[in-house]
Amino acid sequence: MHIQKIIITYRHNKSKDKQLLICFGLFWWSLNYRTGITYQLYTKINPVNGQPLVYGNVNSVAFSNFQNSKPTRMIIHGYEQNGRSIINRDLKNSYLLKNDYNIIVVDWSAMVSPYYEYARSRVDMIGVAVSRFIDWLNMNYETLHVVGYDLGAHIAGIAGKNTVRGRIKRIIGLDPSRQHFNENTSSNRLSIGDAKLVEVFHSNGDQLGMFNPIGNIDYYVNDGKTQPECVDKNIDCSHYRSVIVFSRFVNGQHNFAIATCQDINEVASGCTLDPIEIQLEEESPSGIYQINTAAAEAINDEVEILFVGIFVTLVACACSSSIGLLEPINPLFNAYSDVRIMLSTRENRDNPIRLNFRDLSSVQQSPFNSQKPLRVLIHGWWEDETSDINIETSRLLLDYYDFNILFIDWSEGSRTISYLQARNRVPLVGEFLASYLDFLHENNFIDYNRVSIVGFSLGAHMAGITGKLVRRGFINTIVGLDPAGPLFSVNNSADRLDASDAQYVEAIHTNGGSLGSGIGAPIAHADFFPNGGSLQPGCFTNSCHHLRAVAFFIESIETNSFFARRCNSQLQAQLGTCSGEPGAWFGGEPSNFNLTLRGIFHFVTNSNSPIKMNFLLIHKLTFVVQLLVIIQVSGFIAERDVILFLRNFNGSLFDEARYQLDNITKIKEFSFKVSKPTIFLIHGYLESSVSQHHLMLSKTLLKVKNVNLFFVDWSKGASALVYVDARDRVPEVGKIVATFLESLKKEVNLNYKDVTLIGFSLGGHVAGMTGKSLISGKIGKIIGIDPAGPLFNVSDVEHRLSPLSAEYTECSHTGYKLGMKDPICHVDFYFNSGKIQPGCENSMSYLAKICSHLRGMQIIIEAFNNPKAFYGKRCENFDDAWNGNCNGEPGAFYNNDENEANNLSGVYHVTTNAEPPFGRGLETTALTILACVSSTPVQSEFEPIEQMFDAYRDVRLLLSTRSNRQNPLQLRFRDLLSLQQSPFDRTKPLRVLIHGWLEDETSDIKVETSREFLDFYDFNVIFVDWSEGASTLNYISARNRVPTVGTFVASYLDFLHENNFIDFNRVSLVGFSLGAHIAGMTGKNVRRGKINTIIGLDPAGPLFSINNPAERLAVGDAMYVEGIHTNGGLLAAGIGAPIGNADFFPNGGSGQPGCWTNTCSHGRAVEYYVESIRSNRFLAVQCANESDAGRGRCSGQPGAWMGGEPSNFDKSLRGIFYLETNRNSPFAQGPLKPQ
């Protein structure tokens, strides 16, 4: 392979559009682009060296030779030229020989590639830029002449159309370019009216230049077509002759004969009317003139074909001899003749009608209805009218909506083997479409606020160019389906789809990356990266990954379940580690325009249609790991930004004190006890103190161990968008933690041997560096949870976790791609050989790595709950562990206190399950054989991970009344004496409260709700404590216990009723999360009446189907059922769908203001309900449907209060309701509910 610079010295002609064809698919190439337009000033003082005039820089003008009192001449070059081309030199010198001018040379070569189609597409944008420069310079318009050659003539025309402060005196067009300009349309080319006087010199008409008159004055050099001096030469000779002739007129060095023509037809035979004297500095009469030059006259044809450098990397390949490197690929493409506009409506959905370009009768005679919205669809490379973006998208749009649909068929330009050629046609089609939409608007067929464009691949960028060029309005929405990547630069927004192209721009990225088909970078208001945005499940080729964008969009029209989570960065979107609240739907109708959606989003899909992810698949893992959205903070300072939280278990994980080095002396004011062991938890990359798995590990530790628990939060350093930055901060964070430990030793006489550091990923090495940084002593124990591997060298023990870091170190290895592969601790446990973990294999490669890495956290949480869950077999060496060939005895249990006591060392291999519970305990062949052959059952010495849950044994019924509110009394199941001896008062109403997953009697639904009930009402309150079944990391196990607990509570309520302790009309049940469904199952199973009211506080979503009401809370479970939804949707905790008589969706029912995690939004349902008991101001408006509620588009009259006491039972409330809340308590915003 070698790099070769290819200089091309030919120009396109009428019959051949020459290009490079280099074994399709077997080459890499790059264009050397720059950006910007430059302006160079020449005067008689500086005739050779130009002075740059920088747009917006006043000093560049003030310190130049520019004088506003002088006339100004602006020169704009053409295609394949630049600021140093001969045209600029010749015209500049001719002008300065005649008079003292400000000569401004415009160089726009850096804005384009060397391909004509691409250069032509930039004419509009360059022209507008020049007009802004003219207005900014505020020159004397009456003395301003603009001269443009070839494409430069049209740039001059566009500039003249767009100046604001004045009107250009004169524009001279030198053989204005013809190709891809419609002579019948003046809006995008040089035309009469662009200046007070427009003069045009024609020298190569009907070939490279325009032939028909387009100015006030049109000069035809000889016949205006082929010049006598150029008969045997390249057509550029005739084209450039216009420049030479005009230059001679400027300096007066000519002897040309000029005749007046009656019309254009006379030019061919020779005009015979009286000749005139052309005075270029004075206005000549309008008309057509012929300039006759002597064929023998010596005119230097310094025609310069300048190629802006192309570097092509050639891959050696054996091409067929029939394919030449410079063989034309296909005929010249003309958007105005080759693009078809196909109209489909409900009236003609099976027979699309072709609309003629800017033909009013064509539209009037079609079924196009100006009262209906317009959707425009644009296909990609190598596609045509049979593509899915036309057939399937049109079909579903017309199935569900009554739209006008225009399909832009540019297959004449797209079906070329040269992607480069197709790419260069993007701007042409975009300009064509913009012109047509403006035509529809000016004839009142469309309102731009009701127009959306959907483009796939190259079609996405066409949509963007269309948005840039429409002149009569601003398109409402553009949706880019995996916008093409090759030959588009993220840094050049003028050339591609961009957020400024419509009022709302949305992009979905399915095949980004260096070898992908898509651009793979955020370019819109909202950018969605399904499955990371690179590779899609079920696909094995780029074409499949690329086309999935279309498939996703099509499915979103029919049923939009592509619910996405907000990301802090593109990196998080690609890694799938986004932890923002779910709250954005990709695609669909209507678009997200009204939601003012902004940001980067991630969602997960299935491998096959339906592609939207089924919740059951997501919850094959026990819990979904969430990472807090961390705001990137520059200038990380460890002393300032590392925070330590001392957590205490007083009913909540968030009972914690915050410490930094400057307030460590206050440690005694909290619950720190030096007599207890002390544990420090340290998070990893892109994590924080509220990352979900760290919260769960904290809760587990505080429940199973009597310890002081510190959490080290260095999220401001760990949130670096570049991993290497976070890795480099490990030593300094370790030093801060070590300094903190030294201070604790000084303040409270902390014994280091009683200290354990637990670090995940980078946190493992932070723990290691903490141990190494201590001055006076050594840490007792460090547990490294899959310590990070990238940028750590196993041989560099000084800068990573190692046995030198503590008296005892123990490491787990679960994902060698993100974690350390080699043994680095006293004891190293390799789970499933330390490779991709069971249950993670079916993910895409990068998701499998993340899944395996995070498995380390799941495993240690389970190990703390059961120290004998993970039995490792001893390995002779690392290779045996890596290959799973370990059978040595004795083995050891992972994370067991006996390991440290026994001074354990070595390498161990552990096999786990694919789903929780992951631990298998001790598995030995001897025990299995013994169990089979012995008549006496074998009792293993090891307890099972989870004991069998028995609701009738394990559920507690805790009674609170005003007489015992501080000391709830446990009621024994169906025990009349227990009830009679309690303060239960049969004359008072009953309220039953039921908690959710991982909760118990300390939860808010018990503590806070009971308190509010008894403060304001004289109730019997029974709290159903099923924590023995709920406090399991295995969500599936907890979910499966819902029916059992429901049946148990129903049986007890029937018992109360049959003994005349309750009247079902005065009974209300309030359940949170899984507890809401337990309330529903209770309602279904009571036999002696019907419960009055059930309130479901964000009923749990995972593993509950909206289509199976028999297994969840549903209408009919009570006389009145109310649902309050605060965290619904994909990857969320709630069911997020109407399931009651009345369903309230505060703030849309997904993410709640002031919350950054699902846990917070989920728990807000309880907080809202508690507040509603005290003072119900949660006034809501009724919605037409769930979709409107989710988007806050409800226009019903306010009249329903959410929650509160008494319930809405007596109001016969029915429907879906929406309300907004504050970020903090008090949450309610409405008036007080009348009592």
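Serine 1073 sits in the loop between β41 and α34. In this predicted model, serine 1073 has a positive phi of about 60 degrees, although it is not a glycine. With a relative accessibility of 6%, serine 1073 counts as buried, the cut-off being under 20% relative accessible area.

Asparagine 138 is another non-glycine residue with a positive phi, here about 55 degrees. Its loop runs between α4 (123-137) and β7 (144-149). Asparagine 138 is partly exposed, with a relative accessible area of 40%.

Strand β41 is part of an open sheet of eleven strands with mixed pairing, in the order β38-β37-β40-β39-β41-β42-β43-β44-β47-β45-β46. The edges are formed by β38 (969-971) and β46 (1198-1201); each has a single partner strand, so one side of each is left without a neighbour in the sheet. On average, neighbouring strands of this sheet are turned by 30 degrees against each other, direction ignored.

Within the sheet, β39 (residues 990-994) and β40 (residues 1020-1025) run parallel and are joined by five bridges. Leucine 990 stands opposite asparagine 1020 in β40.

Two helices lie across strands of the sheet. Helix α33 (residues 1042-1058) lies across β37 (956-960), β38, β39, β40 and β41 (1067-1072), at about 150 degrees to β40. Helix α34 (residues 1074-1085) lies across β39, β41 and β42 (1093-1097), at about 145 degrees to β41.

The twelve residues of α5 (residues 151-162) should span 16 Å at 1.5 Å a residue, and the end C-alpha atoms are 17 Å apart, which agrees. Ten of these twelve residues are buried, so α5 is largely enclosed by the rest of the structure. Among the buried residues are Leu151, His154, Ile155 and Ile158.

The axes of α13 (residues 426-442) and α14 (residues 458-469) come within 7 Å and cross at roughly 50 degrees. The two helices are therefore oblique to each other, and their crossing is right-handed. The contact includes Val426, Leu433 and Leu437 of α13, and Leu458, Met462 and Leu469 of α14.

Terms used:
Residues are numbered from 1 along each chain as its sequence is written. This is a predicted model: local features need pLDDT of at least 70, side-chain atom pairs count only at pLDDT 80 or more; totals for chains, interfaces and linings use all residues. Side-chain values use heavy atoms; hydrogens and water are left out. Two strands pair if DSSP finds at least two bridges between them. Helices (H or I, at least four residues) and strands (E, at least two) are DSSP runs, numbered from the N terminus. Axes are lines fitted to C-alpha atoms, for helices over the stretch in contact, and angles run from 0 to 180 degrees between N-to-C directions. Contact means heavy atoms within 4.5 Å. The expected span of a helix is 1.5 Å times one less than its number of residues. Buried means under 20% relative accessible area, exposed over 50%, partly exposed in between (1.4 Å probe, protein chains only). Angles under 35 degrees count as roughly parallel, over 145 as roughly antiparallel, 65 to 115 as roughly perpendicular and the rest as oblique. A crossing is left-handed if the near helix is turned anticlockwise from the far one by less than a right angle, and right-handed if clockwise.
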